[in-house]
Each structure stands twice: as structure tokens, then as C-alpha cells.
Amino acid sequence: AYDQLRNAFEPFNNDLNLGKTTHDEIWSDLCAALKVHIDKSLLRGAFESTPINHEMLELARNLRQHYFVGIITDNKKDRIDCLKRHLDLAAVFDPIVVSAEVGSGKETSPIFARALGHLRIAPDESVFIDAVVAGVTDRLQTFVRANGLNGDYSATGVPGQFDIEIRNSRDHADEFGTNPFVSRIMVGWTD
């Protein structure tokens, strides 16, 4: 049943995430694809059943005492609006920037520009992201270069040997899934 529902949503997902349509607008087409009427009031319950990482929420509360803590998400406006109310997210995160409100996902810069504009900071002032990227880059390059079994292109210049380039979703387009040489590592927090 989950796969069937996911497949029925798939044709609408990108437009929902970019704010080109809403659940209200697609609901009858969604039900037609599923060949069943679903009461739209169930959608709120589905949104509210989103699993919550309470430890990460507490960490964000603690960080907010000293830092700007926000959310930048590729998501549907009505879903995030529901979660903002249900979980009182605005008490923890500011800004909360949603792709459907910006018309841009995290694969391009406008969503990040919106967050930085809200905070009144320039990209080079977002040191937390830069510090995390620098730390991950250093640790990963050091570890992989020391333990890799496929040569080291940076040291030898031999094509086909291992090399590594760290990119982040703030500054680079996401090539994961379109480039066979790209792997994705998600970093939520490092010490």
C-alpha cells in the first residue's frame, strides 16, 4: 500500500516541492490514480505522524542560545506549516525556509540566499557550514588517502585512481544519481 501511494504521489512531488501546486489542487487526481477516494482530512494526521528526532531538536534548542539555527528543506508548504504548528518549530528554528515557498530546491542557490537574507548575513559569514565542510573534508581525505586501496590521483596523477572532492548543498548542484562517480554523505552534526 505504501509503494502504491508513493507511486501515485510521484508525478506531483516535484511541483508540490516547488510550490507550483498544492495538495488541494492535486487531491482528486491523486485519488483517481489510486482508484479510491481518500478523505483529505487524513493528510494532517499523516503530516503529524512524521518521525521526530527529539535529541536533534534538543541540540537545536541548545545551539539557538548562541547561534542562528534554521531549517532549509525541499518540502511541501502545507506539510511544513502543519509541522510548524504541531511541533512549535518556530520556537526552535528561525528561519524555516521551504522550497515550495521559494520556488527553488536545495540543488540551486535561491533557497540558501533566502535563508541568508533572512538572517542578514553574507554567504562567507555562514561559518558553521564552512567549518563542518572543512572538518569533514580534512578527516575524510586524510582517512581515505591513508587507507584507500585504489591509488591516489592527487599524488600520482594516474587517471582511474582514487580522488576526492567535497561539495556541499549550499554551494554546489547535487550530482548524486546523475554522476556515477559521486557519492553522497549526509552530515547533520560533528564534534
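**Helix packing and local geometry in a predicted model**

Helix 1 passes helix 2 in a right-handed crossing, meaning that the near helix is turned clockwise from the far one by less than a right angle. The model is predicted: local features need pLDDT of at least 70, side-chain atom pairs count only at pLDDT 80 or more, and totals for chains, interfaces and linings use all residues. Residues are numbered from 1 along each chain as its sequence is written, and side-chain values use heavy atoms, with hydrogens and water left out.

Helix 1 spans residues 2-17 and helix 2 spans residues 23-34. Their axes lie 10 Å apart, at an angle of about 150 degrees. Axes are lines fitted to C-alpha atoms, for helices over the stretch in contact, and angles run from 0 to 180 degrees between N-to-C directions. The two helices are therefore roughly antiparallel to each other. That term applies to angles over 145 degrees; under 35 counts as roughly parallel, 65 to 115 as roughly perpendicular, and the rest as oblique. Helix 1 contributes Gln4, Leu5, Ala8, Phe9, Phe12 and Leu16 to the contact (heavy atoms within 4.5 Å). Helix 2 contributes His23, Ile26, Trp27, Asp29, Leu30, Ala33 and Leu34. The residues of this contact divide into ten nonpolar, two polar and one charged. Here Ala, Val, Leu, Ile, Met, Phe, Trp, Tyr, Cys and Pro count as nonpolar, Asp, Glu, Lys and Arg as charged, and the others, Gly among them, as polar.

Thr22 is found in the loop between helix 1 and helix 2. At 35% relative accessibility, Thr22 counts as partly exposed. That class lies between buried (under 20% relative accessible area) and exposed (over 50%), with a 1.4 Å probe and protein chains only. Thr22 and Phe12 are ten residues apart along the chain, and their C-alpha atoms are separated by 9.0 Å.

The overall fold comprises nine helices and two strands. Both are DSSP runs numbered from the N terminus: helices are H or I with at least four residues, strands E with at least two. From the N terminus on, the order is α-α-α-α-β-α-β-α-α-α-α. Of the 191 residues, 28% count as buried. Among contacts between residues at least 6 apart in sequence, 53% join residues at least 24 apart.

In helix 5, the buried residues include Ile80, Asp81, Cys82 and Leu83. The cover over the buried residues of this helix includes helix 3 (42-48), strand 1, strand 2 (96-98) and helix 6 (99-102). Ala46 lies in helix 3. Its relative accessible area is 43%, so Ala46 is partly exposed. Ala46 and Arg79 are 33 residues apart in sequence, yet 9.1 Å apart in space, C-alpha to C-alpha.

Asn75 sits in the loop between strand 1 (71-73) and helix 5 (77-87). Asn75 counts as buried because its relative accessibility is 11%. Its side chain joins that of Arg79 in a polar contact of 3.2 Å. Such a contact is a pair of N or O atoms within 3.5 Å; within protein, one must be able to donate a hydrogen and the other to accept it, and residues adjacent in sequence count only if both atoms are side-chain atoms. Leaving out residues up to four places away in sequence, Asn75 touches Leu16, Asn17, Ile80, Val98, Ser99 and Ala100.

Ser104 is found between helix 6 and helix 7 (110-119). Beyond its neighbours within four places in sequence, Ser104 contacts Leu18, Ser99, Pro110 and Ile111.

Backbone geometry was also examined. Most residues other than glycine have a negative phi, and most peptide bonds are trans. A cis peptide bond joins Asp94 and Pro95, with omega about 15 degrees. Pro95 is found in the loop between helix 5 and strand 2. Asp88 follows helix 5 and has a positive phi, near 50 degrees. Lys35 has a positive phi near 60 degrees. Lys35 lies in the loop between helix 2 and helix 3. At a relative accessible area of 76%, Lys35 is exposed. Phi of Arg120 is positive, near 60 degrees. Arg120 lies in the loop between helix 7 and helix 8 (127-147). Arg120 counts as exposed, at 75% relative accessibility.
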